[in-house]
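Colleague: I would like to learn how to read a model of this kind, one feature after another. Could you take me through it slowly, with the general idea before each case?

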2 protein chains.
Amino acid sequence: MMQELKNSYGHIFEDELLNEIVKAAVYKEIPEGHKMIEIGDYVKSMPLLISGAIKILREDTDGDELLLYYLEKGDTCTMTMACCMGNKKSEIRAISETKTKLIMVPIEKMEIWITKYKSWRDFVFESYHNRINELLNTVDSVAFLNMDQRLLQYLKEKVRVTNTNIIKKTHQEIAYDLHSSRVVVSRLLKKLEKLGKLELHRSHIKTINL
Amino acid sequence: MMQELKNSYGHIFEDELLNEIVKAAVYKEIPEGHKMIEIGDYVKSMPLLISGAIKILREDTDGDELLLYYLEKGDTCTMTMACCMGNKKSEIRAISETKTKLIMVPIEKMEIWITKYKSWRDFVFESYHNRINELLNTVDSVAFLNMDQRLLQYLKEKVRVTNTNIIKKTHQEIAYDLHSSRVVVSRLLKKLEKLGKLELHRSHIKTINL
DNA sequence: TAAATAGTGTAACAATTGTTACTGTAAGAA
DNA sequence: TTCTTACAGTAACAATTGTTACACTATTTA
């Protein structure tokens, strides 16, 4: 575990803290598509991502979904922190988008390390800052962009986090993430295909030059 | 200043911290409609709101605006904290929506007090948590609601933060906040008037039962 | 007071997005 | 193999939102 941890967090945490983390934390591997947090859950530990990507979703009262952002290597779930600290329920759903390796830190350590290690403090605040910026990006997309622009952005982001130009998603799944409808997504994807930006196949999309 | 501070923050900060705040901070009164932070600004102190309301706005590349949320008594600007800590530029614009009283804390104290006072630490994390929830609400509104629902929600929120049922806004100003157009807002407001929910007047709206 | 400006009302139309319905076909199950 | 289901393509239409244009009036300015 120490090696994995050092690879992803060695540049920001000193050895003493890394040792503490290894002692207190649990290493986990999560398969693709696993629901890690459900809305309303109480969360008792905080994840440090080693590899992979986790999709963070919001849901409204009718069960409609919207992709907020992805967590990646070096990230932690700020919402989880916030929930843990305040002992509140989760406001979001988390699903592994790829196979994911992570380290689960029990929440009690959070506060202890904040007073003890400046590097941990910096990490926590940096995380909040990053997550707020991700949320601002989400707001920007939904508020200021048309569906075709949002779709393009979605595909780019998906290619980036999965590190492959083959997107294994059905149009329906994409529609859920964007909170749109299958027909709309199919229509816009077809337009992108005609522009030579991608190739459509059954259950997957090969991107060319987005 | 101590009295003002105690009224708004006395229940969460111990006397020792309150004293430190009074020593380090500056009291300010801001008139209505004053631009307090511009996008791209570097911020060097952190506001603690005593009274009034501050509007937090997001802007896209074309200059289109969107109201994110209001800060009120007992709130602090988490974005400002994040900016200060990371020495980053502001991602948002802040404009006083009413006359506002606040206390400005120099950013150096932030980190000192975080290690020294649990109450301050709790306050900081609580603030982050609150702000993230406000952003989630904004995402929900923009992603899941129609314009008529968003308008209604906007009016309710405006009534709440200004504590009066007379909304002194032109349709154009409302359109800016919602990132819509004047004609659309006029149309929907007219519909609400016909439903008996409000009275339309030149440059102001009297709400009846939203 | 006259002229200019700002705020609103409204119609007509355009663009975007969502919905319904039906088709064809690939993949998997019986 | 045949049957069933899942996925995608597309047309036709509906709903929502945005745009343009113009009229009317209150308020402000000259």
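Colleague: Which residue is the bridge partner of L48(A) in strand 7 of chain A?

Modeller: Strands are DSSP runs of E with at least two residues, helices are runs of H or I with at least four, and both are numbered from the N terminus; two strands pair if DSSP finds at least two bridges between them. Here the partner of L48(A) is I103(A), and six bridges join strand 3 to strand 7 (residues 100-106) of chain A, the two running antiparallel. This is a predicted model, in which local features need pLDDT of at least 70 and side-chain atom pairs count only at pLDDT 80 or more, while totals for chains, interfaces and linings use all residues. Residues are numbered from 1 along each chain as its sequence is written, with chains lettered from A and ligands numbered from 1 in the order in which they are written.

Colleague: What is the order of the strands in the open sheet of chain A, and which strands stand at the edges?

Modeller: The order is 1-7-3, with antiparallel pairing. Strand 1 (26-30) and strand 3 (45-51) of chain A each have a single partner strand, so one side of each is left without a neighbour in the sheet.

Colleague: Which helix lies across strand 3 and strand 7 of chain A?

Modeller: For angles, axes are lines fitted to C-alpha atoms, for helices over the stretch in contact, and the angle between N-to-C directions runs from 0 to 180 degrees. Helix 4 (residues 107-116) of chain A lies across both strands, at about 70° to strand 7 of chain A.

Colleague: How many residues does each chain give to the contact between chain A and chain B?

Modeller: Residues are in contact if their C-beta atoms, placed from the backbone, lie within 7 Å. The contact takes 27 residues from chain A and 27 residues from chain B; on the side of chain A, helix 5 (118-144) gives the largest share, 15 residues. Because 100% of the interface residues of chain A are also interface residues in chain B, the copies meet through the same surface.

Colleague: Which residues come nearest to DNA strand C?

Modeller: A residue is near a strand if its C-beta atom, placed from the backbone, lies within 6 Å of it. Of the 20 residues around DNA strand C, those that come nearest are N146(A), M147(A), S180(A), T170(B) and H171(B). Helix 8 of chain B gives the most to this surface, with six residues.

Technical notes. Two residues are in contact if their C-beta atoms, placed from the backbone, lie within 7 Å.
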